[in-house]
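Please have a look at the chain on the screen, and then I'll walk you through how its parts come together.

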Amino acid sequence: MTTPSRSQSQSTYSQLQVEGDLGIGPLKSIEGYIICITGIHEEAQDEDIFDAFGGFGAIKNLHLNLDRRTGFAKGYALLEYETMKEAKEAIESMKGSEFLGKVINVDWAFKRPKRSY
């Protein structure tokens, strides 16, 4: 029995084509589209992020990681919206804006890699 080469297995399993999928742009997670917010003030709370980003759509999930030692935010958060439209609107509106006295950066958490062929 022969096993498929690495290039054969990658081409077989590496992607799933979706109708209308151009192979570029953000990747959808199981439940929605995840954006990454960086530059968050260390004293930010979940409620602050919900207040600032809730106007773009229903937030399905929020991860604001805290430092175990200090209890303060580590400076980034992952936020999930159900639709790409909601996530894209949040990115476009909040990228480079001021949040709790600090300028934040907002972008897709997961993007498709650029193809080299």
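Residues 24 or more positions apart account for 65% of the contacts in the chain with a separation of 6 or more. Contact here means heavy atoms within 4.5 Å. Before I go on, a word on where this comes from: it is a predicted model, in which local features need pLDDT of at least 70 and side-chain atom pairs count only at pLDDT 80 or more, while totals for chains, interfaces and linings use all residues. Residues are numbered from 1 along each chain as its sequence is written, and side-chain values use heavy atoms, with hydrogens and water left out.

Now the parts list. The chain has three helices and six strands, and from the N terminus on they run α-β-α-β-β-α-β-β-β. Helices (H or I, at least four residues) and strands (E, at least two) are DSSP runs, numbered from the N terminus.

Let's turn to the sheet. In what order do the four strands of the open sheet lie? The order is 2-3-1-6, and the pairing is antiparallel. Two strands pair if DSSP finds at least two bridges between them. As a bit of background, strands of a sheet pair through backbone hydrogen bonds, either parallel or antiparallel.

We can go through some of the pairs. Strand 1 (residues 33-38) is joined to strand 3 (residues 73-81) by six bridges, and within that pairing Ile37 stands opposite Ala77. On to strand 2 (residues 59-66): six bridges connect strand 2 with strand 3, again in the antiparallel sense. If you want to find this on the screen, Asn61 has Glu80 as its bridge partner in strand 3, and Leu66 has Ala73. Strand 2 and strand 3 form a hairpin with six residues between them, and Gly71 in the turn has a positive phi of about 85 degrees.

What about the helices? Helix 2 lies across strand 1, strand 2, strand 3 and strand 6, and runs at about 140 degrees to strand 2. Helix 3 packs on the sheet too, touching strand 1, strand 3 and strand 6, with its direction at about 150 degrees to that of strand 6. For these angles, axes are lines fitted to C-alpha atoms, for helices over the stretch in contact, and angles run from 0 to 180 degrees between N-to-C directions.

Next, the inside. Which residues have the most contacts inside the largest nonpolar core? They are Ile35, Ile49, Phe53, Leu79 and Tyr81, in a core of 23 residues. The elements that give two or more residues to this core are strand 1, helix 2 (46-53), strand 2, strand 3, helix 3 (84-94) and strand 6 (105-108). A nonpolar core is a set of buried Ala, Val, Leu, Ile, Met, Phe, Trp, Tyr and Cys residues joined through side-chain atoms within 4.5 Å. Buried means under 20% relative accessible area, exposed over 50%, and partly exposed in between (1.4 Å probe, protein chains only). Buried residues make up 27% of the 117 residues in the chain. Leaving aside neighbours within four places in sequence, the contacts of Ile35 include Phe53, Leu79, Ile91 and Trp108.

That brings me to the rings. The structure holds two aromatic pairs. In one of them, the ring centres of Tyr33 and Trp108 are 6.3 Å apart and the planes are at 65 degrees, so the pair is edge-to-face. For the cut-offs, rings of Phe, Tyr and Trp (its six-membered ring) pair if their centres lie within 6.5 Å; planes under 30 degrees apart count as stacked, over 60 as edge-to-face and the rest as tilted.

Last stop: charges. How many salt bridges does the count come to? The count is one, where a salt bridge is a side-chain nitrogen of Lys or Arg within 4 Å of a carboxyl oxygen of Asp or Glu. The partners are Asp107 and Lys111, whose closest N and O atoms are 3.2 Å apart. Asp107 is found in strand 6 and is partly exposed, at 25% relative accessibility. Lys111 is partly exposed as well, with a relative accessible area of 46%.
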